[in-house]
Amino acid sequence: MERIPRTAARLAVLDPEGAVFLFRYPAGEIPVYWAMPGGGLEDGESYVDGAMREVVEETGWTDLTPGPLLCTWEHDFTRQGVPVRQFEHIYLSAGPRREPTPEAIARHGEDNIIGWRWWTPAELAAATEDLWPPSLPQLLAALPAQPVHL
């Protein structure tokens with residue numbers, strides 16, 4: 001099956017205790033999964049700018065600063081019925097533990113977001129639902145000095 005290339009960026013937002021904020025997405029081609037805020041890039045948009053735009057759209061948080069690149073990740077999935085090969089950059093960021101703003105929550109249906117929560121490192125390591133990327137618990141536990149490619 002021919003897949004359409006798509007670029008995307010995400011932000012791994014960590015609270016002061018090391019918990020990461022994730023969104024829950026419904027089952028489709030794959031089972032229910034959890035992923036960091038982020039999504040597809042707009043034409044001409046850099047990975048960092050795209051990650052920040054997506055975070056603001058999905059959470060309403062405007063005070064985050066993107067940190068270092070944690071990893072790059074290539075994966076296949078079907079998005080709105082279209083098979084894609086997604087090329088993602090995932091950046092680290094620090095922020096307080098909080099909920100998305102009411103305005104952002106009101107838009108979650110457009111992005112198929114069906115829930116959210118903060119995951120401690122122990123909860124992440126014991127997750128029973130799929131995580132995007134699957135190696136997220138190990139990546140966040142190790143916080144490699146150089147970005148890794150998955």
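**View 1. The largest pocket and its lining.** The largest pocket is lined by 27 residues, and those nearest its centre are Tyr 33, Phe 77, Arg 79, Asp 111 and Asn 112. Two or more lining residues come from each of E1, E4, H1 and E5, with H1 giving the largest share, four residues. The volume of this pocket is about 620 Å³. Here a pocket is an open set of points on a 1 Å grid over the protein atoms alone, where a 1.4 Å probe fits and protein lies on both sides within 12 Å along at least five of seven lines; lining residues have an atom within 4 Å of a point. Grid points are joined across faces, edges and corners, and the volume is the space filled by probe spheres set on the points.

A word on the model before we move on: it is predicted, so local features need pLDDT of at least 70 and side-chain atom pairs count only at pLDDT 80 or more, while totals for chains, interfaces and linings use all residues. Residues are numbered from 1 along each chain as its sequence is written, and side-chain values use heavy atoms, leaving out hydrogens and water.

View 2. Arg 10 belongs to strand E1, which covers residues 4-14. Is this arginine buried or exposed? Arg 10 counts as buried because its relative accessibility is 6%; buried means under 20% relative accessible area, exposed means over 50%, and partly exposed is in between (1.4 Å probe, protein chains only). A polar atom of the Arg 10 side chain lies 2.8 Å from the backbone oxygen of Met 36. Leaving aside residues up to four places away in sequence, Arg 10 touches several others, including Ala 35, Pro 37, Ala 51, Gln 86, Glu 88 and Tyr 91. Contact means heavy atoms within 4.5 Å.

**View 3. Strand E5 and its two partners.** Strand E5 (residues 69-79) runs antiparallel to strand E6 (residues 82-94), and 10 bridges join them. Two strands count as paired if DSSP finds at least two bridges between them. Look for Trp 73, which stands opposite Glu 88 in E6. The hairpin of E5 and E6 has two residues between the strands, and in it Gln 80 takes a positive phi near 50°. E5 also pairs with strand E9 (residues 148-149), this time in the parallel sense over two bridges. There, Cys 71 has Val 148 in E9 as its bridge partner.

**View 4. Salt bridges across the chain.** How many salt bridges are there? The count comes to 12, where a salt bridge is a side-chain nitrogen of Lys or Arg within 4 Å of a carboxyl oxygen of Asp or Glu. Asp 76 and Arg 3 form one of them, with their closest N and O atoms 3.8 Å apart. This pair links distant parts of the chain, 73 residues apart: Asp 76 is in strand E5, and Arg 3 is in the segment before E1. Asp 76 is partly exposed at 35% relative accessibility, and Arg 3 is partly exposed at 21%.

**View 5. Arg 53 meets Glu 42.** The side chains of Arg 53 and Glu 42 form a salt bridge of 3.5 Å, N to O. Arg 53 sits in helix H1 (residues 47-59), whereas Glu 42 is in the loop between strand E4 (38-40) and H1, 11 residues apart. Arg 53 is buried, with a relative accessible area of 18%, while Glu 42 is partly exposed at 45%.

**View 6. Arg 117 meets Glu 123.** The closest N and O atoms of this salt bridge between Arg 117 and Glu 123 are 2.9 Å apart. Both ends count as partly exposed: Arg 117 has a relative accessible area of 29%, and Glu 123 has 34%.

View 7. A cis peptide bond, with omega of about -10°, joins Trp 132 and Pro 133. Pro 133 lies in the loop between strand E8 (130-132) and helix H4 (136-142). Asn 112 is not a glycine, yet its phi is positive, near 65°; this residue is in the loop between helix H2 (102-106) and strand E7 (115-119). Leu 143, also not a glycine, has a positive phi of about 40° and is found in the loop between H4 and E9.

Terms used
A polar contact is a pair of N or O atoms within 3.5 Å; within protein, one must be able to donate a hydrogen and the other to accept it, and residues adjacent in sequence count only if both atoms are side-chain atoms.
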